[in-house]
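Open the model in your viewer and keep the selection tool at hand. The tour goes from one selection to the next and says what is found at each stop.

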Amino acid sequence: MESMTVYLNLKCNIDCEYCFVKKNNSFMDRPRLEKILRWFIGQDGPEKRVNFLGGEPLLSAGLLAGLKDFLRGINTAGKKIVIKDIPTNGILLDEAMLAGLNKEGIKLVFSLDGDQFEHNRFRINKRATFDRILGNIELYKKHNGMPGIKCTVHPEMAEGLDKRVAGLLNKGFRSIHILPVLGLPWSREQARSYRESIDRITRFYLNFLKAGSHNIQIHPLKKDMDRVLNGEVFDNRAGCGLGSEPVFMPDGKAYACTAVMHYTPELMEKFRIGHIDTGVDVRKMGSFLNYKVCQDVRTDCTRTVPGACCRKICLCVNTRTGEFFSPENIATMFEIDAATFLSLNEALAWNR
Ligand code: SF4
Ligand code: SF4
């Protein structure tokens, strides 16, 4: 058990149309967070990675004060403990908060979906205040260098993704995570546009690498390239923590999947693996290593990318309606999930 995810809260200061989080006012408190961290660090394994999520995690920034000392105190076995870069919409950051995070050695990754119009397009109450986010990124840069960027791709913005990624690179960002929206149905046309954009990104990414610009990282292309060059077949288990990564909600409940607690009550119950106060069923969590979505959802394997079909329940649920997608829509989601791998596989075919 190398990694664990903790939802610090389920509240956000904005409202993105594509958000899958079922929001409410729950916040994790410090005693519960400490109990979860103690439990996790005590599990087997020399390396322990912690992902903090929200809602908007910076609404809970105060909870992280003193974390470094706390972790040092409980880490009697000298394990390697890593707090992964925390995703944020960037609006709430200020000098004092940044100083506090820096003291704890905590880094951030900012959401930026394109230029001002594109970025705000699916932020429902438009309080996204683009200029303020750019200002806060400047503030962050002064102390920490360029942050990583999460570029979320709404189906309606599939076209032109390559231009938006190029725009972010032109602004000087060097680590960009492309995140196609799950939980909304993508049309065939949108899926095709997405793949075409990814193909163009693949081409310029490979050109950058050929020109020696190894400081540019476009995710998940970077990881997929290693897998293609290692001759691996497509398998979406590589990007999925099911079976190996416990996920804690602010109320202490634990699940085997990062997203399923925002879906139907039946799925929540199925993937629930306990509570930090009453015990976490690690064996039940491990049983999800063999999970196949067709246990719960009607799929049509003949339509899906080989090897891509089995695991990610997050590709199968419409988060607006709470219902499962049709087999056709599920096949399209698998294709979107596999796009970067397949694009690199084609582009690098000469290499094998
Ligand atoms: S900023 Fe993140 S958590 Fe907040 S509404 Fe948007 S996607 Fe959801
Ligand atoms: S099924 Fe999806 S949300 Fe759940 S752990 Fe795997 S990748 Fe994450």
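Which residues does Leu-8 touch, not counting residues up to four places away in sequence? Select Leu-8 and look: the contacts are Met-28, Phe-52, Leu-53, Gly-54, Pro-57, Ser-60, Leu-63 and Pro-250. Bear in mind that this is a predicted model.

Leu-8 sits in the loop between E1 and H1. Is Leu-8 buried or exposed? A residue counts as buried if 20 or more other C-beta atoms lie within 10 Å of its own. Leu-8 has 24 within that distance, so it is buried. Pro-250 is 242 residues from Leu-8 along the chain, but their C-alpha atoms are separated by 5.8 Å.

Next, select helix H1, residues 30-42. Within H1, colour the buried residues, which are Leu-33, Ile-36, Leu-37 and Phe-40. Because they cover an arc of only 100° around the axis, they lie on the same side of H1. The general rule is that an α-helix has 3.6 residues a turn, so residues three or four places apart point the same way. Show what covers these buried residues: strand E1 (3-7), strand E2 (47-53), helix H2 (67-74) and strand E9 (247-248) are included.

Go on to ligand 1. What surrounds ligand 1? The shell consists of Cys-12, Ile-14, Asp-15, Cys-16, Cys-19, Val-21, Gly-54, Gly-55, Glu-56 and Asn-89. Sorted by class, five are nonpolar, three polar and two charged.

Then select ligand 2. Around ligand 2 are Gly-239, Cys-240, Gly-241, Leu-242, Cys-257, Thr-258, Ala-259, Lys-312, Ile-313 and Cys-314. This shell has six nonpolar residues, three polar and one charged.

Leaving out residues up to four places away in sequence, Cys-257 touches Leu-242, Val-247, Phe-271 and Ile-313. The largest nonpolar core has 88 residues, and Val-6 and Cys-257 touch the most other members. Helix H11 (residues 327-347) gives the most to this core, nine residues.

The last stop is Pro-220, in the loop between strand E8 (217-219) and helix H8 (221-229). Is the peptide bond from His-219 to Pro-220 cis or trans? This bond is cis, with omega near 5°. In general, most peptide bonds are trans.

Conventions:
Residues are numbered from 1 along each chain as its sequence is written. Chains are lettered from A and ligands numbered from 1 in the order in which they are written. This is a predicted model: local features need pLDDT of at least 70, side-chain atom pairs count only at pLDDT 80 or more; totals for chains, interfaces and linings use all residues. Helices (H or I, at least four residues) and strands (E, at least two) are DSSP runs, numbered from the N terminus. The expected span of a helix is 1.5 Å times one less than its number of residues. A residue is buried if 20 or more other C-beta atoms lie within 10 Å of its own, exposed if 12 or fewer, and partly exposed in between; C-beta atoms are placed from the backbone. The arc is that of the directions from the helix axis to the C-beta atoms. Two residues are in contact if their C-beta atoms, placed from the backbone, lie within 7 Å. A residue is near a molecule or strand if its C-beta atom, placed from the backbone, lies within 6 Å of it. Ala, Val, Leu, Ile, Met, Phe, Trp, Tyr, Cys and Pro count as nonpolar, Asp, Glu, Lys and Arg as charged, and the others, Gly among them, as polar. A nonpolar core is a set of buried Ala, Val, Leu, Ile, Met, Phe, Trp, Tyr and Cys residues joined through C-beta atoms within 7 Å.
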